[in-house]
Amino acid sequence: MGPCRNFSIIAHIDHGKSTLADRSLTGTISKKPSGSNQQVLDKLKVERERGITVKAQTASMVYALKSQKYLLNLIDTPGHVDFSWEVSRSLAACQGALLLVDATQGVQAQSISVYHIAKERGLMVIPVLNKIDMPASQPARVILQLESMFGVDPVDVLQISAKTGQGVDAVLRAVIERIPPPSASAENPLKALLFDSHYDRYRGVISLVSIHDGVIRKGDKIASCHTRKKYEVQEVGVMYPEELPTASLRPGQVGYIACNMKESSEAHVGDTLYRVGAQVDPMPGFRPAKPMVYAGIFPVDTNDFIKLEESVKRLTLTDRSVSVQRESSSALGQGCRLGFLGTLHMDVFRQRLEDEYDANIIVTAPTVPYKVVYKDRTVIVSNPTEFPDLSDSSSGVKEVQEPVVKATIIVPEDHLGEMMELCFAHRAEDLDHRYLDAGATKSARIILTCTIPLSEIVTNFFDKLKSKSSGYASFDYEDAGYRRSDLSKMVFLLNGKPVDALALIVHRSGQQEVGRTWVKKLHKVIPRQLFEVPIQAAIGKQIIARETLKAMRADVTAGLYGGHYERKMKHLENQKESKRRMKRVGSVDLPQEAFFNILSTK
Ligand code: GTP
C-alpha cells in the first residue's frame, strides 16, 4: 500500500465527530451490505443509545490524490471529559488531528482541552468548522474565536458540513497535504506501539498497534517490552472499517494483530512490541488511567453475586480503565467496589452492566478518593466505611485532603451571575473569568475558571450547570491535586444501628442539608415495621437529623375486607417472596429494593 497518514478527529461532544468519521469512510464502507454505514464507528450499544463515543475505534480508508493512493488511518477518540485518558492514548498513534468545531456553537470547553492535548503531543492541528449547512451557523465569528484562542490563521480553517458532505473532500486532501507522514523506517528493527485491545472469544486478545519502525507479518515471533512474554503473530490486518487481514503492517501503519495472547491483562496499553532477538528501547508509554470516582455495586438479589462478578469481569476486559475490588457490606451482602474515570464513565459502565447482566443492581453513592494524613503515613480512602471518625481524638488523624480539579466553563455573558453562584455553592475557589470573543458585544461568551472539589462535581453539577444556563454552558475539568478540607463521615442509623452501605463523606458546609435530605428519603422508602423506628443521620456521636417511622400491623391480610381466600393466599405469597430479599439491619427488616430506591433517586 502507498504512503499513509495517521490522524484523529478531536471535538467537543456533539460537534459532529462521528458524522464526519462516517462521512469520510463512506467510500470504503459503501461496498458493505446496506445499513452498515450507520455510524459504523460507534459500535457499542450504549454509545448508540446515548449518541456518545466511549471507546476509541480505529478505521482505515484509501484516498487517491493526484494519481497517488494514500492509506488514511482515522483513529477515533471519545468526546467526553471522563475519557480524556483515552483521547491521549489514541493521539499517541497520530501525527495530526482535525479540530472539529460546530459553527453554530463555537469553541466550547472541550474544544480547548482536546486542542491542548493534541498540541502537547506535537500534532499538526487542522481547524475545521462543521455544520455550516445550518442557518444558525456563524463561521466568521467562530473563526475569530479560533484565532484568539489558539492563534489559528483564518485561511487555514476549513468549512464543512459532515451531514451533507460539503467540504469533506477538502478535509481529506488537507490531511494528506498538511499532516506529515509518520517518520518510520522499514529497515529499522520492529517497534510497534500497542494502543488499544479487545477480547475475541475465538482468537484471544486482538491488539491495535501503530508500527513505528519495521514490518510485522503473520508468523513473526514478537515479544512485549513490558512483560518480556513471547508470542507468534497469527494474523495482521487493517480496520477497513471492520478487520481486514493483510499480508503485513508496514512502518507508519495502524492496524490490528492477533497473536496467541490469552489474557487481556497481557495487552498493556502503551507497551512496545519488538521482534524476538532484536534490541529495542521501549517507547514512552502512557500514564495509567486513574480512577477518580468509586462506587459499590451489589446485586438486588444477593444470590446473584457470582453472576454479577462474572459480568463485571467480562466488561472490564473491554474497558481496562475500570478498577475492581471485592467488597462486602453487612446490609447489601457481597459486591464489587469499582473505580471509574468520572461519573459519565460510571453511568455508561452501569448501563452496559445492566444490558449484559440482565438484572437489577444497587449502586452506592459515588465517592472520590480522599487522603487521610496520619503522623507517619497517608492513606487513600475511597470507601466511606473506611473513613475514620475524626471526632474521636484517638484517631491520630492530622488532616484530611480531598481531590480538586481545575474547571473551565464557557457560558454566555448573561448567565455569568448564575454560573458564579453555582460555583460558589459548590465550594469553588480562585474564580476567574474573561471574554472568549475578542471585542464581541452582542451575546458575548465568557470563559470562567476555578478550582472546585471533585466530590462537588461527581453528583449533579453538570445537570445543574446545563439547566441554569438553559443548556448553553459547556464544562471541562482537569486534575489539580489535593487540598486540605473539613470533611467527616456521616452515617445513617436505623433504630440506633448504622447501615454501612449508606455512609457518606460530607463537607462541614453541607452536613445539615445532606443529613436532612437523606433521612427524609429513607423515611419515604423504608417499609413500616412492627415497631417504631428512628431514622437518624449522625456524625461521630452527634445526631444531625432525625425522622420517625411509625409502627404497623403485622398481618398483611388483616386490612382486606371480605376475607376472600385466594386473595389472602396471594398476599401471603407476596410477603414470603419479599422476605427472601429482606436484609436485617439491627432489628429492622429492609428489602433490597429499598436500597435500590434510596440510591437511585437523586
Ligand atoms: P460524540 O461522539 O458524542 O462526541 O458526538 P460527535 O461529536 O460524534 O457528534 P455526532 O457526529 O454524533 O453529531 C452530533 C449531532 O450533530 C448529530 O445529530 C448529527 O446528525 C449532527 N450533525 C453532525 N454534523 C452535522 C452537519 O454538518 N450539519 C448538521 N446540520 N448536523 C450535523
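Biologist: Which residues in α9 meet which residues in α11?

Modeller: This is a predicted model, and the two helices span residues 416-425 for α9 and 461-468 for α11. By class, their contact involves four nonpolar, no polar and three charged residues. From α9 come E418, M419 and L422, and from α11 come F461, K464, L465 and K468.

Biologist: How do α9 and α11 run, roughly parallel or roughly antiparallel?

Modeller: Two packed helices are described by the angle between their axes and the distance between the axes. For α9 and α11 the axes lie 10 Å apart, at an angle of about 160°. An angle over 145 degrees counts as roughly antiparallel. Therefore α9 is, relative to α11, roughly antiparallel.

Biologist: What is the handedness of the crossing of α9 and α11?

Modeller: The angle of about 160° between α9 and α11 does not by itself complete the description. The crossing of these helices is right-handed.

Biologist: Which are the edge strands of the open sheet of four strands?

Modeller: The order of this sheet is β17-β18-β16-β19, and its pairing is antiparallel. From one strand to the next, the twist averages 30°. An edge strand pairs on one side only, and this applies to β17 (323-329) and β19 (361-363).

Biologist: How many residues of strand β1 are buried?

Modeller: In a regular strand the side chains alternate between the two faces of the sheet. On one side of β1, C4, N6, S8 and I10 are buried, and on the other R5, F7, I9 and A11 are buried, so both faces are covered. Strand β1 (residues 4-11) is thus largely enclosed by the rest of the structure, and the number buried is eight of the eight residues.

Biologist: Which residue in β4 is the bridge partner of S8?

Modeller: Strand β4 covers residues 96-102 and runs parallel to β1, with five bridges between them. S8 belongs to one of the covered faces of β1. Its bridge partner in β4 is A97.

Biologist: Is S207 buried or exposed?

Modeller: S207 is found in strand β8, residues 204-213. Leaving aside neighbours within four places in sequence, S207 is in contact with L194, D196, S197, G255, Y256, I257, M261 and A267. Its relative accessible area is 1%, and because buried means under 20%, S207 is buried.

Biologist: What separates the C-alpha atoms of I544 and M261?

Modeller: I544 is found in strand β30, residues 542-549, and at 12% relative accessibility I544 counts as buried. Apart from neighbours within four places in sequence, the contacts of I544 are Q511, Q512, G515, A537, A538 and I539. M261, for its part, is one of the residues in contact with S207. Along the chain I544 and M261 are 283 residues apart, and their C-alpha atoms are separated by 55 Å.

Biologist: Of the residues of the protein, what percentage count as buried?

Modeller: The protein contains 14 helices and 32 strands. Among contacts between residues at least 6 apart in sequence, 69% join residues at least 24 apart. Of the 602 residues, the share that count as buried is 53%.

Conventions: Residues numbered from 1 in each chain as written. Predicted model: local features only at pLDDT ≥ 70, side-chain atom pairs only at ≥ 80, totals over all residues. Heavy atoms only, no water. Axes fitted to C-alpha atoms, helices over the stretch in contact; angles between N-to-C directions. Parallel < 35°, antiparallel > 145°, perpendicular 65-115°, else oblique. Left-handed = near helix turned anticlockwise from the far one by under 90°. Contact = heavy atoms within 4.5 Å. Nonpolar A, V, L, I, M, F, W, Y, C, P; charged D, E, K, R; others polar. Pairing = 2+ DSSP bridges. Buried < 20%, exposed > 50% of the residue type's maximum accessible area, 1.4 Å probe, protein only.
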